[in-house]
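Let's take a tour of a protein model, looking at what sits inside and where the open spaces are. Keep the structure in view as you read.

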Amino acid sequence: MSTTYTHQSIENPVAYENAIKRNIIANAQKTWRANTPRSGEIESALTDGITYSDRGGFKGYGDDFLGKMAEAFYTWGKLSPKQCEAVLKGIDARAARKAEWADKKAALDAHRQHIGAVGEKITLTLTIAHVVVLEGTFGTTYIYIMEDADKNVVIYKGNSDAVAWTPEGQPRGKGDSLTIIATVKEHGVRDGVKQTVIQRPKALKVALG
């Protein structure tokens, strides 16, 4: 004897209908995954089209291409072959750019050299590439990651005014340039990149004519 369910016999009809929709979408997604090459890559890329609230909850979909594709996938449980092709085209283009960037970085890193000799006092004109801020028991310490004109890496850890501040009294940051005299503390290698660690930097005094 079969039982026919009606809205009157269901305690929460709205929840029941939503559950049915979820099951339909889940089954559609299962079929799509089984029949779509590189479905995992596509689905992973679609997460970039989802927006979240400050608390991490689902907020909606972005206004860009991936946002529209994500909305279609999570609404209908699948993407059309043309939509899949378009998403994969973006994935492959991004991978190609990443590989090109990695090749360029590898070539640049291989070109980088140590500067001076350990214990030698040298004059350097540098550009700040990054500043790392460390909070500790004895206060704040800064690590300045810098490059010279040949892209050789120079590291300074400390709070010297010669590095931290401009002659006008402004704090230095990424992109700022400076010329100093410093002592080579050591030559090191980090992640396969040669770097020169300096200490006791002093601002270069400019002779007045």
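Before we start on the pockets, one term: a residue counts as lining a pocket when it has an atom within 4 Å of one of the pocket's grid points. With that in hand, the biggest contributor to the lining of the largest pocket is E7, which gives five residues. Bear in mind that this is a predicted model.

**The largest pocket**
- This pocket has a volume of about 530 Å³.
- A total of 23 residues line the largest pocket, and Ile145, Val153, Ile155, Arg190 and Gln195 are the ones nearest its centre.
- Strand E7 covers residues 193–203, and E7 is joined by H4, E3, E4, E5 and E6 in supplying at least two lining residues each.
- Sorted by class, the lining of the largest pocket has eleven nonpolar, nine charged and three polar residues.

**The second largest pocket**
- Here you'll find about 160 Å³ of space.
- Eleven residues line the second largest pocket, with Pro167, Arg172, Thr179, Ala203 and Leu204 closest to its centre.
- H5 and E6 are the elements that give two or more residues to this lining.

**The nonpolar cores**
- Which residues have the most contacts inside the largest nonpolar core? They are Leu124, Met146, Ile180 and Ile198, in a core of 17 residues.
- At least two residues of this core come from each of strand E3 (121–136), strand E4 (139–147), strand E5 (153–158), helix H5 (161–164) and strand E6 (177–190).
- Take a look at Ile180: leaving out residues up to four places away in sequence, Ile180 touches a list of residues including Ile122, Leu124, Leu126, Val163, Ile198 and Leu204.
- There's also a second, separate core, made of 15 residues, with Trp32, Leu66, Ala70 and Phe73 among them.

**Helix H2 and its buried face**
- Helix H2 runs over residues 39–46, and Ser39, Ile42, Glu43, Ala45 and Leu46 are buried there.
- Why do the buried residues of H2 line one face of the helix? Looking down the axis of H2, you'd see them fall within an arc of 160 degrees, so they line one face.

Definitions and conventions: Residues are numbered from 1 along each chain as its sequence is written. This is a predicted model: local features need pLDDT of at least 70, side-chain atom pairs count only at pLDDT 80 or more; totals for chains, interfaces and linings use all residues. Side-chain values use heavy atoms; hydrogens and water are left out. A nonpolar core is a set of buried Ala, Val, Leu, Ile, Met, Phe, Trp, Tyr and Cys residues joined through side-chain atoms within 4.5 Å. Buried means under 20% relative accessible area, exposed over 50%, partly exposed in between (1.4 Å probe, protein chains only). Helices (H or I, at least four residues) and strands (E, at least two) are DSSP runs, numbered from the N terminus. Contact means heavy atoms within 4.5 Å. The arc is that of the directions from the helix axis to the C-beta atoms. On a 1 Å grid over the protein atoms alone, a cavity is a set of points where a 1.4 Å probe fits but cannot get out, and a pocket is an open set with protein on both sides within 12 Å along at least five of seven lines; lining residues have an atom within 4 Å of a point. Grid points are joined across faces, edges and corners, and a volume is the space filled by probe spheres set on the points. Ala, Val, Leu, Ile, Met, Phe, Trp, Tyr, Cys and Pro count as nonpolar, Asp, Glu, Lys and Arg as charged, and the others, Gly among them, as polar.
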